[in-house]
Amino acid sequence: MSTPWSLDGFELVCGLEVHVELTALRTKMFSAEPIDFGGAPNTRVGPVSAGLPGSLPVVNGAAVEAAARLGLALNCDVAERCQFHRKNYFYPDLPKNYQISQYDVPLCHDGWLEIEVDGDDLRIGIERVHMEEDTAKSSHEGDTGRLHGADRSLIDLNRAGIPLLECVSHPDIRRLEEAQAYLRELVAIARALGISNARMEEGSIRCDANVSVRRPGEEYGTRTEIKNLNSVRSVGRAIAHEAERQVRLLQDGGNVVQETRHWDEDRGVTETLRRKETLADYRYFPDPDLVAIVHPAGRVEQLRASLPELPAATRSRLVEVGVAASQAATIVAGDLVRWFDEAASMGAAPDAIGNWLAGEVTGQLGAAGLEPADSGMTGAHVGELLGLIADGSLSNALAKQVLEGVIEARGAKSPAQVAQERGLEQVSDEGELRAIVEQVIADNSDTVESIRGGNDKAIGALVGQVMKATRGQADPTLTNQLLRELIG
Amino acid sequence: MRSLVTATATELARRLDAGEVAAREVIDAHLDRIAAVDDSVGAFLEVTADHARARADEIDSRRAAGDDVPATAGVPIAIKDLFCTTGIPTTAASRILAGWRPPYDATVVRKIADAGLVMVGKANMDEFAMGSSTENSAYQPTRNPWNLDRVPGGSSGGSVAAVAGLMAPLAVGTDTGGSIRQPAALTGTVGLKPTYGRVSRYGIVAFASSLDQAGPIARTVEDTALLHQVISGHDPLDSTSIPEPVGDVMARLRDGVDGMRIGVVNELSGEGYEVGVSARFDESLRRFESLGATIVEASLPHAPYGLPAYYLVAPSEASSNLARYDGTLFGIRVDGETSAEMSANTRAAGFGVEVKRRIMIGTYALSAGYFDAYYQQASRVRTLILRDFERAFADVDVLVSPTSPTVAFPLGDKTADPLAMYLNDVATVPASLAGIPALSLPNGVDEAGLPTGLQIMAPTLREDLALRVAWAFEQDLGFSPIPVGHNTVAVP
């Protein structure tokens, strides 16, 4: 995607802060309290995540491991020793009125993420990846939808204490497409690592953008931070809007004020949330409840060795076995790699799998509003479907109908089962088909004459008649062959 | 045979285990004692009579049925109101937690229940453990059983008063800068602050997390050791909990001090210490020599910086720990137009003066631009003090000093002068900052008949050594921990 977008000689300078919720973990960041995303509000809470007097945090080792693996996947150094700090501020969704986070000694630091935009390979620097606990979820009833001016605010503590990673990039981003590609790649990496379902629309990935503008070669301008970016699309829109706003300000002789701004998705504008002078002094200090995290010698290398194939390597591998590059990208971004590998292990041709996954499967799941992980399907369904096409049991057209049936059944039915139940098996029996073709020839003597007179294209009309008579199930190749043979 | 309320926990356990007395009798005797004297002492914020009787009956029927019951089952204990107790009000002596009933037990409370010890009540204290006289309780003062016009010390004033006043042979307190040792000294009881991390902090309302440590209080060293054994040990719910095993602290309790080197800390005696306190302390040194120990001079050069460092670290941590009391999820709520106003109104109404003072000091010390000069600098002083101790312990087995510079002072004497009150902690704070174990035991009375305390400080994890030295001293001194003199509680 290439947006025609000009900043009147100014250059965008942007860095992203991305929060990744570790949805794959079973317990919270600092307690053995269960994580269960479907739970009714305030049912997944214990003394620790409610911040009850006397409760104490204990670090979830699985969260540290997940954080270290993300850091390693982003080419970071993993600190052998790090610690947690308290970030002190008062807010109703923060039960202790401080958040346990990391400050000057994060777990991972100084890495990079490689992205591809318009054929260019770019490296976006990663400043740090650190661990923290999520806040409770508050919802505000009233006109504004925000705490300020709300009639009533409700708090759900289920989210309090869920392990969160914060990944901070350097201000290396210069184009909207880079910001979006960076975010998409980070999502793909989180999914490949199996640490998060990484869904922006559900809040398991949250992104803030730091935006400034400058004339190329000048010092960095004053930046603003934009919050409430809920999709890759809104990241692009918000950064574009904010950069244009700053350029207009500067061109009119004004100054950019360092502040936090809120992205209003419906109105397509950013608005002041809070100014620097009213920003909290977080009074960071080392959390005395938590001892330092020390990785035993060799542990980091062990984790590095255990990293799975990362998205860039997966895309290369798929391309090497014959999948088109754009399809490989769709498969990786769509969390369909495992399906690809499962289908391939069943003998399906890679290019066919690529076509189907990037095309029909992605399309139908999207139309049904389903993520692959929620569809009930596996790669085995796809492999079987492609097998039925390959052995002539299904035409492409029939296979699409079968896929619909499989998705409707949420994977509870196999493609063969769907095909049988719906009577969608291809008619490939020569005897059966020959009788139907003979009938069609007898009923359409004019067309037959026209074909014999040299109008070869008219044979299509007869194929259509055969398909009509078989409700689309006739093997198209065999039908063609029989028609030509019998017309002579 | 001593009466049930003057008996030690060890003696009660022996009689309970032998079937000579029922748990219900022991508990009733102590509840009767509380009913008789606590109106004048004020040791308890909540007497858990129904809970105690039910537990006692349960223990008696289990013993009668021949179940395997710990020998200590049925011995009464007072629990400082800083420990969470399921379903039983836990207030930290603060208005802001009025009526709060925790949904869970502190690890210490669970261990106490596992040993069959029976809680008779929640003991009064300075609000959030901030204070040295128990006058900062939002609910009531506690009076010293040795002289009812005097304070029992603090912050564990209710716990020591319950033990000295014969309302329980055992109590648990917490010590952040001296809150077990100083009140133990002022009430003629024994109190141990174990090594930081020895006893789980899980379920103890936090004051200053890097210093808070729970510990036992009793009338004898043996009982103190017994309770230490019950409550200490590793807890996976507290990440600062020490994994090393506690060992059997009783095994060498009676081995004496013959041949030991005992260091006298130069910086923790002399000027500022009352005459009676100094006199008893000097005598204690001669007593140790008569028991075969060698007395040597020792120095903790950075100890004079302990008090200022403590009064930066503790309030800083407290300012963060106490942020959660905002009226949202637990405790009292005073409404406001906005959530920020509600929080401010709740805190204004719910916290006492001393708590507010420390929150202000701590918030200031942690602020951007001041953090390095205050909190960081104080943390460096802690490191220096720890090194002082390590150097000293290379030459001696234990270190001794007076526990408190004064004996029990009259109620109201120091409430108007916070700095005078803070000076009570001058001798106890160094061991707190270093995280080492330290114990206070009775060292006779001054000319007015008020108890003085001897502090014994031991190397990290060596509670056993502090207890052993204390036991030898206690046996030789022959001090009776039962209050005597005019204006004391009546002794049965």
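**Entry 1: α8 and α10 of chain A**

I began with how α8(A) and α10(A) lie to each other in this predicted model, and I found that helix α8 (residues 350-367) of chain A and helix α10 (residues 396-408) of chain A pack at an angle of about 40°, with their axes 11 Å apart. Angles under 35 degrees would count as roughly parallel, and α8(A) and α10(A) are therefore oblique to each other. I noted the crossing of α8(A) and α10(A) as right-handed. I then looked up the residues that meet, and these are Glu360(A), Val361(A), Gln364(A) and Leu365(A) on the α8(A) side, with Lys400(A), Leu403(A), Glu404(A) and Ile407(A) on the α10(A) side. Sorted by class, the residues of this contact between α8(A) and α10(A) are 4 nonpolar, 1 polar and 3 charged.

**Entry 2: α5 and α6 of chain A**

Next I turned to helix α5 (residues 311-320) of chain A and helix α6 (residues 325-333) of chain A, which pack at an angle of about 140° with their axes 9 Å apart. An angle has to be over 145 to count as roughly antiparallel, so I wrote down α5(A) and α6(A) as oblique to each other. Their crossing is right-handed. From α5(A) the residues Pro311(A), Thr314(A), Arg315(A), Leu318(A) and Val319(A) take part, and they meet Ala325(A), Ala328(A), Ala329(A), Ile331(A) and Val332(A) of α6(A). The classes in the contact of α5(A) with α6(A) come to 8 nonpolar, 1 polar and 1 charged.

**Entry 3: α2 and α3 of chain B**

In chain B I looked up helix α2 (residues 23-41) and helix α3 (residues 49-64), whose axes are 8 Å apart and whose packing angle is about 160°. That angle makes α2(B) roughly antiparallel to α3(B). α2(B) passes α3(B) in a right-handed crossing. On the α2(B) side I listed Ala23(B), Arg24(B), Ile27(B) and Leu31(B), while α3(B) brings Ala49(B), Ala52(B), Arg53(B), Ala56(B), Asp57(B), Ile59(B) and Asp60(B) to the contact. I counted the classes for α2(B) with α3(B) as 7 nonpolar, no polar and 4 charged.

**Entry 4: the domains of chain A**

The domain assignment divides chain A into domain 1 (11-302), domain 2 (309-421) and domain 3 (430-487). I took the centres of domain 2 and domain 3 of chain A over C-alpha atoms, and they are separated by 33 Å. The contact takes 4 residues from domain 2 of chain A and 4 residues from domain 3 of chain A.

**Entry 5: where chain B touches chain A**

Last, I looked up the contact between the two chains, to which chain B gives 36 residues and chain A gives 27 residues. Which helices of chain B each supply at least two residues of the side that touches chain A? I found α9 (306-321), α10 (339-350) and α11 (353-366) of chain B. The side of chain B that touches chain A divides into 19 nonpolar, 12 polar and 5 charged residues.

How values were computed
Residues are numbered from 1 along each chain as its sequence is written. Chains are lettered from A and ligands numbered from 1 in the order in which they are written. This is a predicted model: local features need pLDDT of at least 70, side-chain atom pairs count only at pLDDT 80 or more; totals for chains, interfaces and linings use all residues. Axes are lines fitted to C-alpha atoms, for helices over the stretch in contact, and angles run from 0 to 180 degrees between N-to-C directions. Helices (H or I, at least four residues) and strands (E, at least two) are DSSP runs, numbered from the N terminus. Angles under 35 degrees count as roughly parallel, over 145 as roughly antiparallel, 65 to 115 as roughly perpendicular and the rest as oblique. A crossing is left-handed if the near helix is turned anticlockwise from the far one by less than a right angle, and right-handed if clockwise. Two residues are in contact if their C-beta atoms, placed from the backbone, lie within 7 Å. Ala, Val, Leu, Ile, Met, Phe, Trp, Tyr, Cys and Pro count as nonpolar, Asp, Glu, Lys and Arg as charged, and the others, Gly among them, as polar. Domain bounds come from an automatic or database domain assignment.
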